[in-house]
Amino acid sequence: MENIHREKGNTVVSTYRVVERFISINGEAARAGELAVFIRFAGCNLDCGYCDTKWANEAGVPYEELTEDEIIDYVRRTKVKNVTLTGGEPLIQKDIDKLLLAFELEDDVRVEIETNGSVDIAEFKALGGNVSYTLDYKCPSSGMESEMCLANYNYIDKNDSVKFVVGSQEDLEKCFEIVREYALDEKTRVFISPVYGSIDPADIVDFMIENDMNDVKLQLQLHKFIWDPEERGV
Ligand SMILES: C[S@@+](CC[C@H](N)C(=O)[O-])C[C@H]1O[C@@H](n2cnc3c(N)ncnc32)[C@H](O)[C@@H]1O
Ligand SMILES: Nc1nc2[nH]cc(C(=O)O)c2c(=O)[nH]1
Ligand code: SF4
Ligand SMILES: [Mg+2]
């Protein structure tokens with residue numbers, strides 16, 4: 001992402017392109033069902049066929065340019081303890097490491113980063129802090145499988161998650177292979193989630209039963225059942 005800075009006295013502060021910010025319940029992964037405050041950044045390096053947030057990746061998308069202080073102040077004011085950084089792709093935002101460091105000072109806030117699995121997370125993991133990574137493995141039907149950074153499976157731990165968003169039987173088979181090859185179910189939490197409307201969740205359950213997938217969790221995007229699946233800001 002292009003570098004954007006704002007002057008504050010003599011110092012130059014980083015700003016981030018935020019396309020929406022809102023409070024909801026987290027509809028996905030480890031904190032599904034819990035209140036969360038969402039910060040959604042503009043732009044992505046991938047183009048998944050099924051992406052439900054394509055609008056955030058369009059060149060002309062309207063955004064607010066917020067500093068670290070403004071983002072953290074917003075989160076504090078919500079009084080919500082789970083923060084989800086998403087997008088777009090949060091880890092390609094210029095100076096995102098600075099924002100993560102700023103969140104480290106927020107003792108009672110848990111940060112989750114929804115990342116697409118193509119960005120090497122080593123340098124971000126090394127920053128520490130109360131941050132967990134929810135990494136997608138982009139399955140064949142996304143069209144983006146070749147972009148996966150498999151080295152990430154060396155850094156993840158039980159506080160992180162790997163999510164397989166599956167739209168076909170081929171995707172399920174690939175999920176099974178990758179979980180086994182990298183022993184993901186021993187290292188971290190594993191979620192399987194249907195591409196909304198593309199596959200019957202019952203078929204995912206059947207596949208889990210047939211393949212003895214004991215240590216993975218099926219997860220349906222809760223917000224798409226609670227609100228209109230096209231609704232933004234929920
Ligand atoms: C919109 S992405 C943004 C974060 C990051 N770019 C990524 O892909 O993880 C957030 C999550 O929504 C999931 N997602 C996107 N479109 C979806 C769809 N149509 N059905 C189910 N999950 C979807 C993605 O796979 C990802 O796990
Ligand atoms: N409610 C709700 N939960 C979510 N969890 C991850 C989301 C995302 O778009 O990354 C998301 C989202 O868009 N809405
Ligand atoms: S990586 Fe995430 S934001 Fe980017 S296109 Fe894929 S689902 Fe959408
Ligand atoms: Mg979403």
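Predicted model: local features only at pLDDT ≥ 70, side-chain atom pairs only at ≥ 80, totals over all residues.
## Aromatic pairs

Let's start with the rings. A pair of aromatic rings is described by the distance of the centres and the angle of the planes. The structure has six aromatic pairs. One of them joins F176 and F207: the ring centres lie 6.4 Å apart, within the 6.5 Å limit for a pair, and the planes meet at 80°. Because an angle over 60 degrees counts as edge-to-face, that is the label for F176 and F207.

This pair also links distant parts of the chain. F176 belongs to helix α4 (residues 169–181), while F207 belongs to helix α6 (residues 201–210), and the two are 31 residues apart. F207, at 5%, counts as buried, because buried means under 20%.

## Charges over rings

R21 lies over the face of Y74, at 4.7 Å from the ring centre. R232 places its charged end over the ring of W55, 3.9 Å from the centre of that ring.

## The site of ligand 3

Now for the ligand. Where does ligand 3 sit? You will find ligand 3 in the largest pocket. Around ligand 3 are the cysteines C44, C48 and C51, together with L46, D47, N57, G88, N116 and K138.

Sorted by class, this shell holds four nonpolar, three polar and two charged residues.

Notes
Residues numbered from 1 in each chain as written. Chains lettered and ligands numbered in written order. Heavy atoms only, no water. Phe/Tyr/Trp six-rings, centres within 6.5 Å; stacked < 30°, edge-to-face > 60°. Helix = DSSP H or I, 4+ residues; strand = E, 2+ residues; numbered from the N terminus. Buried < 20%, exposed > 50% of the residue type's maximum accessible area, 1.4 Å probe, protein only. Lys NZ or Arg CZ within 6 Å of the ring centre and 35° of its normal. Near = heavy atom within 4 Å. 1 Å grid on protein atoms, 1.4 Å probe; cavity = no way out; pocket = protein on both sides within 12 Å on 5 of 7 lines; lining within 4 Å. Sits in = over half its atoms within 2 Å of the grid points. Nonpolar A, V, L, I, M, F, W, Y, C, P; charged D, E, K, R; others polar.
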